[in-house]
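Good morning, colleagues. Please turn to the sequence and the model.

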Number of protein chains: 2
Amino acid sequence: MLATVMYRSGDVRVQEVPDPVIGAPTDAIIRVTHACVCGSDLHPYHDLPDTPGGRRMGHEAIGVTIETGSDVSTLSVGDTVIVPFAWSDNTCAFCRDGITTSCVHGGFFDGAPSATQAELLLVPQADGTAVAIPAGTDERFMPSLLTLSDVYLTGHHAAVRGGVGPGKTVTVIGDGAVGLSAVLASRQLGAQTIILMGRHTARTDLGRDFGATHVVAERGEEGVAKVLEITGGEGSHVVLEAVGHMPAYKQAYGVVRPGGVISRVGVPQYSDAPVGFASLFGKNATLTGGPATVRAYLEAAIPQVLDGTIDPGRVFDRELPLTDIAEAYRLMDAREALKVLIRP
Amino acid sequence: MLATVMYRSGDVRVQEVPDPVIGAPTDAIIRVTHACVCGSDLHPYHDLPDTPGGRRMGHEAIGVTIETGSDVSTLSVGDTVIVPFAWSDNTCAFCRDGITTSCVHGGFFDGAPSATQAELLLVPQADGTAVAIPAGTDERFMPSLLTLSDVYLTGHHAAVRGGVGPGKTVTVIGDGAVGLSAVLASRQLGAQTIILMGRHTARTDLGRDFGATHVVAERGEEGVAKVLEITGGEGSHVVLEAVGHMPAYKQAYGVVRPGGVISRVGVPQYSDAPVGFASLFGKNATLTGGPATVRAYLEAAIPQVLDGTIDPGRVFDRELPLTDIAEAYRLMDAREALKVLIRP
């Protein structure tokens, strides 16, 4: 089959690799019909060192089940399924808590031997991981359903962990696909004021469509000052940080209201950060977030897409065949595309 | 009047200073009847540089109102009041949120011109700050009531911000007076399992009386392993960090369960700390806490003391006159006393 392999920063290739095979009775194999490139795929695209064996890429997929292991009971060959970016058994203590990304039998497709930017995908813990969508679902829903494998539900996770709700003022840092998803999710959860910090007009325009009431293009101290001005000097009850770099973290604690919450879903590209009296502690700010527990939200989100309540698929502004995926990486890296849908 | 003044680390003196005077119409002056030394007073006791003008010490007090400014309406001369470690107007947006330590007219007695280890105390924002206790309250309740100015309600704040409740496993790091208070507060809030990390037997014995179901004397990696063993390898839903030093912070993220909460009330003696994928982010751990919003809890806590529901005053194991306060610092620093009550 064809799969996407990255060999070093900037070097993305589509090449023939062996087809995946069922290894455990809980595995399934799907033929990928829809995949995409994630903002987080750009991190290795920037800094992957020489990797002679290559690194398989991709962690978002919809596909058709073509083979199931002997223990798989909830999926049948022919089912179209959404596969979250992490697999999980959905039965362990942490899955029962809803923290499916900490599943004791779980793992991440990022860096796994089988990843989603490929014709075929091995899905471990298939019963716990993949969720079937109704047979005959119209193709027009597929982009939005694909966002449920990561990007929309990552924005939703940020909002849920941050306690977004009616009457709340929410600041979203980052106008990438996750930030825009966080805007849409905040609107769904009833936020009163949604301030989007970003400076790419095409993106912030979509952010306004998704529910942003204010857009702040300024960054750093100027950006903080602007958000404080909008909030009457009080700051934001919730800050959703969808970038993962230190300047975004600093903006977050600059704009959070005393007693407020910073919820991070941008994978931190740092290990240490300010948490002392002057940043978080002094104003009783809460820092939360982590890898989105997509699987825990998936069943509730599918009908929201199918009944038209949400249309997160609007984050896709380009579509390319798998064989052109290197161009998809280039477009997203150059910010010529927000998010590229890939058809294997 | 006599007041406690620190001139450098280890140099604590009681000396004559001018009596406080009403400066603003919202001020009141109280004659301090009960004060004490706080674990956090030991930080300057260890590291205060030469301070020629001296630093007034103390932030916990009960006293009798002897003078009120013209705008003070809820307190009368003769009222016995509890004074929290921070003053607040109790009317601003942040006070209405319950984040009284971020009051726009607020401040901390620590480092203020008038502090509590003295015969008289100037109380700014007296209506918002001080809370009267019933006339004729028996002296035997005073130690427990005094803990409501800081230490018990700081433990309670940790537990509240951490989401302690029925069925939860709570680990308390630190067997000082705040840590023991956090144990007692966790029991009040219905925690099922309370693991106290500390190694001073006299203190951990009091911790068991307060509700600790397990005591872990080990520290660092050994301590983390022990807590994981007690929790069946899953970790603690809530970790209450009552120390403020980096090793305690590291223990906290070592023992927190995926999706769990670390609530800090030990004033951090560091500004940066691990918050990346390997510490907090990867397991969706939440970091919260800050200066305790004592004022927001005070009215509800007073009846709990007076009806015998809680007896947090048991943290006082010594009592000295104000003139001997240097000995109180020495006893606490040498861990010969847990907490010393001072009578001016």
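The structure holds 29 salt bridges over all chains, a salt bridge being a side-chain nitrogen of Lys or Arg within 4 Å of a carboxyl oxygen of Asp or Glu. This is a predicted model, in which local features need pLDDT of at least 70 and side-chain atom pairs count only at pLDDT 80 or more, while totals for chains, interfaces and linings use all residues. Residues are numbered from 1 along each chain as its sequence is written, chains are lettered from A and ligands numbered from 1 in the order in which they are written, and side-chain values use heavy atoms, with hydrogens and water left out.

I begin with chain A. E299(A) and R295(A) form a salt bridge, with 2.9 Å between the closest N and O atoms. Both residues belong to helix α10 (residues 294-306) of chain A, where they are four residues apart, about one turn of the helix. Helices (H or I, at least four residues) and strands (E, at least two) are DSSP runs, numbered from the N terminus. E299(A) is partly exposed at 48% relative accessible area, whereas R295(A), at 5%, is buried. Here buried means under 20% relative accessible area, exposed over 50%, and partly exposed in between, with a 1.4 Å probe and protein chains only.

Let us move to chain B. D50(B) and R8(B) meet in a salt bridge of 2.5 Å, N to O. This pair links distant parts of the chain, 42 residues apart: D50(B) is in the loop between α1 (42-47) and β4 (55-56), and R8(B) is in strand β1 (residues 2-8). D50(B) is exposed, at 57%, and R8(B) is partly exposed, at 35%.

A further salt bridge joins D110(B) to R55(B), the closest N and O atoms being 3.9 Å apart. D110(B) lies in the loop between β8 (107-108) and β9 (120-123) and R55(B) in strand β4, so the pair ties together parts 55 residues apart in sequence.

Finally, which residues are buried in helix α7 (residues 201-210) of chain B? They are R203(B), T204(B), L206(B), G207(B) and F210(B). These residues cover an arc of only 155° around the axis, which puts them on the same side of α7(B); the arc is that of the directions from the helix axis to the C-beta atoms. On the other side, T201(B) and A202(B) are exposed. The buried residues pack against α6 (177-188), β12 (193-197) and β13 (214-216) of chain B, contact meaning heavy atoms within 4.5 Å. After α7(B) comes G211(B), with a positive phi near 130°.
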